Amino acid sequence: MRNAEFIHFVFMLLAVLTEVAANVFIKYSEGFKRKLHGFTGIFLVLASFSALSQAVKGIDLSIAYAFWGGSGILLTLILGQIIFKQKVRPVGWLGALMMVCGMSLLKMS
């Protein structure tokens, strides 16, 4: 990582959390039938990309994007189970584990 400072990691965390929140709001929008939820989801996607753009000022793009995408998928998977009672089969959890391993390997490279 080049010149990574604490603030870049704060922006990365913010990017992940707003992306996950966007996914939840878009689900709650019921295909944009509930417009406020849908527009909130779109706003949060834009906020997530804005935070990501600040994070990559100090974190390599390949690492930042992999962490942002992978963490967002993993947290959305967990929230889908908790909030929406969605089920994930063992093969799905294996895929999530492989994704975490991939993100770790990228970080170590």
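This is a predicted model: local features need pLDDT of at least 70, side-chain atom pairs count only at pLDDT 80 or more; totals for chains, interfaces and linings use all residues.
**Notebook: rings and a buried serine**

I started with F49, which is partly exposed at 44% relative accessible area (buried is under 20%, exposed over 50%, partly exposed in between, with a 1.4 Å probe and protein chains only). Residues are numbered from 1 along each chain as its sequence is written, and side-chain values use heavy atoms, leaving out hydrogens and water.

Next I looked up ring pairs (Phe, Tyr and Trp, with the six-membered ring for Trp; centres within 6.5 Å; planes under 30 degrees apart are stacked, over 60 edge-to-face, the rest tilted). I got three aromatic pairs. F49 and W68 have ring centres 5.2 Å apart and planes at 55°, so I logged them as tilted. F49 is in helix α2 and W68 in helix α3 (residues 61-84), so this pair ties together parts 19 residues apart in sequence (helices are DSSP runs of H or I, at least four residues, numbered from the N terminus).

W68 is buried at 8%. It also pairs with Y65, tilted again, at 5.5 Å centre to centre and 40° between planes. Y65 is partly exposed at 47%. I noted F49, Y65 and W68 as one aromatic cluster.

Then I checked S29, in the loop between α1 (6-28) and α2 (35-55). S29 is buried, at 1% relative accessibility. Beyond its neighbours within four places in sequence, S29 contacts R34, H37 and G38 (heavy atoms within 4.5 Å).

Technical notes
Helices (H or I, at least four residues) and strands (E, at least two) are DSSP runs, numbered from the N terminus.
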